Amino acid sequence: MTSRWFDPAVRELRRGVERARRQAVAFGDLWRRSLQLRVVVSTLALSSAVVFVLGMVLQVQITGQLLETKIEAAVRQTEASAAAIQPDLAGLNPGPDSVKTRFTTALNKINTSGVDLDPTSSGAGAFEPVLRDPVGTGSDGMPVAVGQYEDVPDGLFKMLERGSAGYQITTVERETGPTTLLVVGKPVNSSARAMHLYLLFPLTSEQATADVVQSTLVVGGVVLLLLLALIANLVTRQVVRPVRQAAEIAERFADGSLDERMPVVGEDDVARLAESYNEMAASIQRQIHQLEEFGQLQRRFTSDVSHELRTPLTTVRMAADVLHASREQFPGGLARSTELLVDELDRFESLLGDLLEISRLDAGVEELAAELVDIRVLARRAHDAVRAIANSSDTTIVMDLPDHEVTAELDSRRVERILRNLLANAIDHGEGMPVELTLRGDGEAVAVTVRDRGVGLRPGEADLVFNRFWRADPSRNRRTGGTGLGLSISLEDARLHGGWLEAWGERGLGAVFRLTIPCRLGHELTGSPLPLEPPDLPPVVEPEPDAPEPVEEVELTEEEFTWQPAQPVTGDREEVR
């Protein structure tokens, strides 16, 4: 039964905590994003502190002034009352009845209606007089006193017993509730002993005045804070609105709307900011147009030159083939020149083909002929295409392919070209070591890694290998005679498929190139089935610091110590080198 009632309460508590957490996160996001909110809240917080301190100071000052004025008037009223009843108490009989009667007469004289004992004490207000014999007691054992003597605090009574006048503020219970009193006491001399005169001044009016002041300060402070928040909001909006407008225009400008400009209003700082932004945007737009025109001219030049070279290259190719077919009839040097001519023509044709491919990729006119293909077939085709290069360099290609089909929606010509370029590049830099091709798929993506164990890459070169015409070591003899565009074209082919082409390498440990493409065209990649960094790398061992060689201590005897006088310094000084 307890669990049935306890579980819903726990769930409700968890839901409340979760809602509070979400609201806190939302407010934190809004706080970070909104400059206007931060300025308004900060202004409100600082203003609240200032208003609170100022209100406290004003309340203390006003209340203190009221109380000080009341005390001064009450003290003057007490002195005047004591002087008025002094003659009545001069010949006081110490008997209890006569003392009480004389006390009543004295108080009646103080309370006589219309009698103003001291014009300067009129600000004291109403009061209740009390006369008390500090020593005598009545027949009932109670002190001999007239008036509300029980409202007099003990501290003030003891002060008057020591012969000094004083005052004290106390709170007593009356029929109307708790009442704050200002009690002023003064000894009055008589023939027998000094009697105590107390005047009880209710502080009701002063308390009401203090309450009015406090409520006025609270209401005024709240109104002032609201006005300050409204003013801060309006002022901040005037500053933040142009900034937000500039941010929106900058975002649209970054998205390609190069004609976006900020409106210029007035001649203030915001107007100068808008003018500067518009000048910057116009300059960037001009530079972008110039770069686009230059890029178009460059692509057009590359495409035109490549196409124009096709015809003379075909003619030269035909002549070279004729010469190559008759090379056995030529002398040895001429026959070798014919073979070199044919090889360079092959490389030239490959370079022209790559240039045409690059120009089409740059122009954005390439399209994918996607179909569902088993990538194992493409890997075997790429292996067969580079087998001659591998045999010429005594390089073994190790194929690690799954036993089942690994299908993906892709352009088989482009993917096969990527694998062929990666294998040729690995053979060229593998220093005759085996080259490993690994294929894996996980239903979402397909990954192919090509690893060589050759010279590897220096730090930072993994981001440069896909640049056009870039080589890790230009002075090294290349076996394949590549054009320097193969990896750049492969990177563009991978991007057309929505995939990745990445590189890793370390000096002395070889290099790894990983191709990752989605199984379905248009699917966004989130990971790769194969790691880029090889898992079988040797552990990094930090070199231990060399231990210092022990220094042999040699002790000299007294006979081995020698002393020689210093040589005098002359005008000829030998240069020390």
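Visitor: What is the mean pLDDT of the chain?

Guide: The mean is 78, and 80% of the residues reach 70 or more.

Visitor: Where is the pLDDT below 50?

Guide: Residues 113-117 are one such stretch, with four contacts in the model beyond near neighbours in sequence. Residues 475-479 are also below 50, and that stretch has nine such contacts. Where pLDDT is low, the predicted coordinates should not be read in detail.

Visitor: Switching to α4. Which of its residues are buried?

Guide: Helix α4 covers residues 154-161, and its buried residues are L156, F157 and L160.

Visitor: Why are they on the same side of α4?

Guide: Around the axis they cover an arc of only 105 degrees, so they sit on the same side of α4. In general, an α-helix has 3.6 residues a turn, so residues three or four places apart point the same way.

Visitor: And what comes just after α4?

Guide: G163, which has a positive phi of about 90 degrees.

Visitor: New topic: at what angle do α10 and α11 pack?

Guide: About 145 degrees, with the axes 9 Å apart; α10 is residues 412-429 and α11 is residues 486-496. The crossing of α10 past α11 is left-handed.

Visitor: Which residues make the contact?

Guide: From α10, they are R414, R417, I418, N421, L422 and N425. From α11, they are G486, L487, I489, S490, D493, A494 and L496.

Visitor: How many of those are nonpolar, polar or charged?

Guide: In the contact of α10 with α11, six residues are nonpolar, four are polar and three are charged.

Terms used: Residues are numbered from 1 along each chain as its sequence is written. This is a predicted model: local features need pLDDT of at least 70, side-chain atom pairs count only at pLDDT 80 or more; totals for chains, interfaces and linings use all residues. Side-chain values use heavy atoms; hydrogens and water are left out. Axes are lines fitted to C-alpha atoms, for helices over the stretch in contact, and angles run from 0 to 180 degrees between N-to-C directions. Helices (H or I, at least four residues) and strands (E, at least two) are DSSP runs, numbered from the N terminus. A crossing is left-handed if the near helix is turned anticlockwise from the far one by less than a right angle, and right-handed if clockwise. Contact means heavy atoms within 4.5 Å. Ala, Val, Leu, Ile, Met, Phe, Trp, Tyr, Cys and Pro count as nonpolar, Asp, Glu, Lys and Arg as charged, and the others, Gly among them, as polar. pLDDT is the predictor's confidence in each residue, from 0 to 100. Buried means under 20% relative accessible area, exposed over 50%, partly exposed in between (1.4 Å probe, protein chains only). The arc is that of the directions from the helix axis to the C-beta atoms.
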